[in-house]
Amino acid sequence: MSYDLVVIGSGPGGYEGAIRASQNGLKVAIVERELLGGICLNWGCIPTKALLKSAEVFDKINHLGDYGLTGEKPGFDFEKVIARSRAVAKQLNGGVGYLMKKNKIDVIEGFATLEPGKDAPKVRVKLNKGGEQVVEAKNVMLAVGARAREIPAIGAVSDGERIWTYRNALTPKAMPKSLVVIGSGAIGIEFASFYRSLGADVTVVEAMDRILPVEDKEVSAEAQKAFEKRGFKFRLGAKVTKVEKTGAGVKVSVEVGGKAETLEAEGCIVAVGIVANTENLGLEKLGVEMDRGHIKNDSHGKTNVKGLYAIGDCAGPPWLAHKASHEAVHAADYMAGKKLSNLNPPIPGCTYATPEVASVGITEQGAKEKGLDVKIGRFPFKANGKAIAAGEPGGFVKVIFDKKTGALLGAHLIGANVTEMVQGFCLAITMEATEEDLQGTVFPHPTMSEAILEASLDADGRMINL
């Protein structure tokens, strides 16, 4: 069978790239070794948000008195909480299957390897049902994603029982009473937030001197205060030297400031980054250029091998589903000779904990490192009418403008619903908005989004509501 494009991997990047290619009139097949939707829909973005929503609701009903309400002491059925998350993932997995049929995309279930071909590498698929299928195409797109990084040298390897990666944390056999979470990036913090909401004693270990280290320092500090108020414990600047199982659970040995400490808990979540799924694909024989385990590509997703593209997590950071989708759609348009989407869009980052964290563009520290002359505005939600009325006064909005041109360079938010608000900043940066543009925009009242206006005004010392 011959195609215009074969996509390997059906995560958000893979399946959306396949759909766009089909819309562009190309004959498309997609190869998936496990479940349609990839990690994001089945084991990442979506099921974690289902868990976090259950946790958010549980937090709310535990504070009914704050809203003048009464009710019986709330509880939860842990098995049903997990089952709901899996049902959400299953529903979306089925949705991707529907989209493949709708767009006349052939789905080949199996593990793909690449071999030298004519226009592009030949794809040999070891079928899940048995046997092999060889597929030729004019173009091949690698959207094979990544998996959780483990550290065998110190015992930080999932056993599915007491030492977990994100997959295990999504489908535990029982609710743990205590957890050590290694890593304070988005994945680690989100799981820490979920399990803390349901009553687990949670300690987060981070090698850097602050949590959420990719975020603006002010946001990191505010987040730590908010999480500590919820009962989180942190060990910062901590090097994990050993993870081992004990009769009662796990023991995590760390060094903090040159001193050895031992943390004990029922379980441990390893959330120390990801590893690209680039092994056993035949990349070495093809001579595909790599960079620290990731596939090198250009701004259109092309690799150094004719007809071979790579997008998403396997092609390097940021390791985000929406970045993968954008790259895949752009590549599908490029290979079809269509008008191209924005080559270098601002990529937002989101952490869906309580409180939420969202950001886009440069941080204040990044601006200083680049020697940029900037001005900064801030506005706290404690002065925002909607936030106060909703009982969500924590957090703030911070904006960074170029002092000379007024261009919006970055935005950093922490608080309720900020993962929905950050898109306004993404659009503003994409449209090359200035502080004058934001200050001249009418924001609906009362909304938390008014903090965007006030922060922009604060950059010029003209804030109104504080």
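## Ground rules

The model is predicted, so local features need pLDDT of at least 70 and side-chain atom pairs count only at pLDDT 80 or more, while totals for chains, interfaces and linings use all residues. Residues are numbered from 1 along each chain as its sequence is written, and side-chain values use heavy atoms, with hydrogens and water left out.

## Domains

Let's start with the overall layout. The protein chain is split into domain 1 (3-147 + 275-336), domain 2 (152-272) and domain 3 (355-459), with bounds that come from an automatic or database domain assignment. Taken over C-alpha atoms, the centres of domain 1 and domain 3 are 31 Å apart.

## Aromatic pairs

A pair of aromatic rings is described by the distance of the centres and the angle of the planes. Here, rings of Phe, Tyr and Trp (its six-membered ring) pair if their centres lie within 6.5 Å; planes under 30 degrees apart count as stacked, over 60 as edge-to-face and the rest as tilted. By this rule there are six aromatic pairs. In one of them, the ring centres of Phe 78 and Tyr 195 are 6.4 Å apart and the planes stand at 45 degrees, so this pair is tilted. Phe 78 belongs to helix H4 (residues 78-102) and Tyr 195 to helix H6 (residues 186-197), so the pair ties together parts that are 117 residues apart in sequence. Helices are DSSP runs of H or I with at least four residues, strands are runs of E with at least two, and both are numbered from the N terminus.

Phe 227 and Phe 232 make a stacked pair, with 4.9 Å between centres and 20 degrees between planes. Phe 227 is buried at 0% relative accessibility, and Phe 232 is buried at 4%. Ring pairs also join Phe 78, Trp 164, Phe 194 and Tyr 195 into a cluster.

## Charges over rings

A charge sits over a ring if NZ of Lys or CZ of Arg is within 6 Å of the ring centre and within 35 degrees of the ring normal. Lys 27 places its charged end over the ring of Tyr 3, 5.3 Å from the centre. Arg 86 lies over the face of Trp 43, 4.1 Å from the ring centre.

## An open sheet

Three strands, in the order E11-E12-E13, form an open antiparallel sheet; strands pair if DSSP finds at least two bridges between them. Strand E11 (238-245) and strand E13 (259-265) are the edges, each pairing on one side only. Strand E12 (residues 250-256) is joined to E13 by seven bridges, and Val 250 has Ala 265 in E13 as its bridge partner.

Key. Buried < 20%, exposed > 50% of the residue type's maximum accessible area, 1.4 Å probe, protein only.
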